[in-house]
Amino acid sequence: MTRDCAFLLGILLLLVPLAAPAEAEDALTLFVATDLHYLAPELTDHGPYFEKIISRGDGKVMAYSEELVEAFVEQVIDRHPDALILSGDLTFEGERASHEALADKLARITAAGIPVMVLPGNHDLNNPSAARYAGEGHERVNSVTSLEFLDIYRPFGYADAFARDRASLSYMASLSPTLRLLMIDVNDSLEGEVDTQTLAWAEEQLAQAKQDGCRVIAVSHQNLLLHSSLFAYGFTIYNAFALQALYADAPVLCSLSGHIHMQHISESETGLRDIATSSLAVSPNQYGVLTLTEDKLSYRTETVDVSAWAAERGLTDPNLVHFADYSEAFFKQNARRQALAKVAQDAQPEQLADFFAEINAAYFAGRMDAFMPEEPLLARWRQEPAFLARYIDSIVQEPPRNHCALTLALDAPEE
């Protein structure tokens, strides 16, 4: 080749855009968040009663519920996934006003061209605890029925569903020509249990997906698999074994759940993973990012960057400016309070309480692999008769793995 020809060829190569790698072209990115526990601003004056309720709670940053969810919505729009999945407990205690306000926020996401798929959680329907908090007390407000939930969230999965179940708020959605989303509701007719009609419907949908050569991601609010040796009742779907049997003979890639508020991945004997994403309302305030290609499934967590959102708006509240630190400290403070009440007779209860707050935070964040328990404090806790001692023991008996990341090789879909 002459020097002139080589020069011309080089120019042509610069002008022709390079093809993107096949994985980048084919990749589908899904965001999954759960347990937002959103509370509409008009339902609290942040007065003494509300502060008492949240300070005695489980560490949800309810004082900044509006700001956290707003930052999340903006982050979703900015990152622009192929779809957003919300797997239940959308609201604090099922308040109708909270559902309606959240739906308005989700409408901004769909307006940006991002489909949103929702499910109700155990807090969302017919909740007698729905309230407005003012001053030294509270007053009951309306919650929603399943029909009202459907009416409010119709644009977010239900209107465009591939198929709908008549016995529950379950549905099948199409994410791509070869991927479907099976949304299983267990909080409508039978709380925490899959209705027999719903099981039959799910079996039909999975058989159809298999026949059509489609893969499936299953979603529920309650867990499909056990995520803690101490917390099964009320957390795992009561007849989860029936769903597990269906999924074992179907093209189900994984199951997504929430409810237990901690970040944890469990695996069945057949190799099916149930990925429980931690509560968005609890430190470290994270959501899941699921990326799918023809031959690989990847999952990782990302944190909602509330501080950046606040800075863009010129907000100066120190808790927003340093939100990650505030949220972590608030979560640990609640855990520490619980521990102190149980180890008051110990010679140095503060040490035990601090240890419990640290190990509990690492466990809920899904990062026990990055936490090294101090053996002397662990030994002292094991001498305590309290339930918390058994809880700590259950944590350290698990392999110290990173539950915030997972990569699975996928078999080629059946023709």
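Reader: In S13, which residue is the bridge partner of Phe 31?

Author: Keep in mind that this is a predicted model. Strand S1 (residues 28-33) runs antiparallel to strand S13 (residues 286-292), and five bridges pair them. Across from Phe 31, the bridge partner in S13 is Val 289.

Reader: What is the order of the strands in the open sheet of six?

Author: S1 and S13 pair with each other, and both belong to an open sheet of six strands with mixed pairing. From one strand to the next, the twist averages 20°. Reading across, the order is S3-S2-S1-S13-S14-S15.

Reader: Which strands stand at the edges of that sheet?

Author: Look for strands that have a single partner strand, so that one side is left without a neighbour in the sheet.

Reader: Which residue meets Arg 108 in a salt bridge at 2.8 Å?

Author: Arg 108 lies in helix H5, and its partner lies in helix H4 (residues 65-79), so the pair ties together parts that are 38 residues apart in sequence. The N to O distance is 2.8 Å, and the partner is Glu 70.

Reader: Is Glu 70 buried or exposed?

Author: The cut-off for buried is under 20% relative accessible area. Arg 108 has 31%, so that side of the pair is partly exposed. Glu 70 has 14% relative accessibility, so the word for Glu 70 is buried.

Reader: How many salt bridges does the structure hold?

Author: The Arg 108 and Glu 70 pair is one of them. Another joins Arg 336 and Asp 354, with the closest N and O atoms 2.5 Å apart. In total, the structure holds 20.

Reader: Which helix holds the Glu 350 that pairs with Arg 336?

Author: The side chains of Arg 336 and Glu 350 meet in a salt bridge, 1.9 Å from N to O. Arg 336 sits in helix H12 (residues 323-342), and its partner is 14 residues away, in a distant part of the chain. Glu 350 belongs to helix H13 (residues 349-364).

Reader: What is the relative accessibility of Asp 354?

Author: Arg 336 is partly exposed, with a relative accessible area of 26%. Glu 350 is partly exposed too, at 42%. Asp 354 also counts as partly exposed, and its value is 36%.

Reader: Which residue stands opposite Val 219 in S10?

Author: S9 pairs with strand S8 (residues 179-184) in the parallel sense over six bridges. S9 also pairs in the parallel sense with strand S10 (residues 252-257), over four bridges. In S10, the residue opposite Val 219 is Leu 256.

Reader: Through which helix does the chain cross from S9 to S10?

Author: The path from S9 to S10 is a β-α-β crossover, and it is right-handed. The helix on the way covers residues 240-248, and its name is H9.

Technical notes. Residues are numbered from 1 along each chain as its sequence is written. This is a predicted model: local features need pLDDT of at least 70, side-chain atom pairs count only at pLDDT 80 or more; totals for chains, interfaces and linings use all residues. Side-chain values use heavy atoms; hydrogens and water are left out. A salt bridge is a side-chain nitrogen of Lys or Arg within 4 Å of a carboxyl oxygen of Asp or Glu. Helices (H or I, at least four residues) and strands (E, at least two) are DSSP runs, numbered from the N terminus. Buried means under 20% relative accessible area, exposed over 50%, partly exposed in between (1.4 Å probe, protein chains only). Two strands pair if DSSP finds at least two bridges between them. A crossover is right-handed if, with the strands pointing away from the viewer, the path from the first strand over the helix to the second runs clockwise. Axes are lines fitted to C-alpha atoms, for helices over the stretch in contact, and angles run from 0 to 180 degrees between N-to-C directions.
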